[in-house]
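Hi,

Here is the model I promised to send over.

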Amino acid sequence: MSSAHTAYSDLPVVTYEGPQSTNPLAYRWYDANRVVLGKTLAEHLRPAVCYWHNFCWKGEDVFGLGNTVFQRPWFAEADPVKAAYLKLDAAFDFFGKLGLPYWCFHDRDVAPEGATLAESNRILDGLLEAAAKKMQDGKVQLLWGTANLFSHGRFMSGAATNPDPEVYAYAAAQVKHVLEWTNRLGGANYVLWGGREGYETLLNTDLKRELAQYGRFLSAVVEHKHKIGFKGTILIEPKPQEPTKHQYDYDSATVYGFLKTYGLEKEVKVNIEVNHATLAGHSFEHEVATACALGIFGSLDANRGDEQLGWDTDQFPNNHVQLVPAMLEIIRAGGYTTGGTNFDAKVRRQSIDPIDQLEGHIGGMDTMARAFLAAAALYESGQLEKVVADRYAGWNGELGQKIHAGASLDDLAQIVHAQGISPQPRSGRQERLENIVNRFV
């Protein structure tokens, strides 16, 4: 941790005080050491703080570009490298206040870009060396790292899917460097968010070529992972649109189809963001359940959107009831392996004080913990599990076994006629099940 005074130094260290606490700077539901389903809450949730929203966003929006709303010391520093070191000190100070075990970063979050990639790498090396020293006490670990392949103008037509092979090569070199640093920092995962891997119009797009480029790029990342001995998981973060009209990693099912096409379904999993799931027209629990069913569930970006706004607002989660079904799906699937719960969320533009950032994470953490605790209690009760087992019980019988064994249409038609099978509708009892869930939240 930093010994320098930062924007967060005067804030208290957040601790658990329980549901009856009236302290706005205490956890009411996130008791990191509470054991549930055989593990602590910290082990189940593996919570992380993101670098970009907290320390890079200046509070600007599309109607206020260039305006620095948040008055942080590193924004006032004219030298971008000096500013980056101020920001790094502040970030680890903030991590310490929250007491959460992980952090996440893009390369351009941590370090400014130089005149060449070599210079950019040298600057990043210095800052990540400093970050490595701050991580030596083991209190904060790296959940995942990633390269920013979307902000710079060179990536306006994509990175891996760019029509210019020089851009593809540049992106590959950038990913190589950050993947190696993620490995060196003991990162549990490496994420690829294809922020501009998509198209604006099909009038100038060779869709087949771009998908093939993307497949080769991801294959090269996996190859390099094994070459350097990285034991973490490679993750893709699905998103349907924004900034491009249509992005190739639209949702979990689309990503799975892509991975199957290029033989990568055993190598790559998904990092699911709540707000991206809803922008794709799905519920969050649908995206989680789909990923779990397909064997590609990896990690989560915790946030929420605004029901009245049709873009990615990245607000802190604040409704634990909405999150219970997704938490239940994660529990059913066995929980995280290398993944975790990253708060890809930011305070609102009018929340200009450092304490607002602290309170945003406290509320988000309590929301996720409360949702998990409710889902765990529901799971332990066995009520829904029994309903599901009973609903599909017929598949364990003789007919179900024959179907699984490969019964043909002729075989099944013969059985139906011979046995006089005439199935009748059975109620799904949805209202009863919803009432059961409500008793636990």
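Helix 4 and helix 13 make a right-handed crossing (right-handed if the near helix is turned clockwise from the far one by less than a right angle, left-handed if anticlockwise). On helix 4 the contact uses F94, K97 and L98, and on helix 13 it uses Q357, L358, H361 and I362 (contact means heavy atoms within 4.5 Å). By type, those residues split into 4 nonpolar, 2 polar and 1 charged (Ala, Val, Leu, Ile, Met, Phe, Trp, Tyr, Cys and Pro count as nonpolar, Asp, Glu, Lys and Arg as charged, and the others, Gly among them, as polar).

This is a predicted model, where local features need pLDDT of at least 70, side-chain atom pairs count only at pLDDT 80 or more, and totals for chains, interfaces and linings use all residues. Residues are numbered from 1 along each chain as its sequence is written, and side-chain values use heavy atoms, with hydrogens and water left out.

Back to the geometry: the axes of helix 4 and helix 13 (residues 354-381) come within 11 Å and cross at roughly 45° (axes are lines fitted to C-alpha atoms, for helices over the stretch in contact, and angles run from 0 to 180 degrees between N-to-C directions).

Then there's helix 6 (residues 117-134), whose axis comes within 11 Å of that of helix 4 (residues 80-98), crossing at roughly 20°. Helix 4 passes helix 6 in a right-handed crossing too. Helix 4 brings V81, A84, Y85, L88, D89 and F92 to the contact, while helix 6 brings I123, G126, L127, A130, A131 and K134. That set comes out as 9 nonpolar, 1 polar and 2 charged.

Cheers

Technical notes
Helix = DSSP H or I, 4+ residues; strand = E, 2+ residues; numbered from the N terminus.
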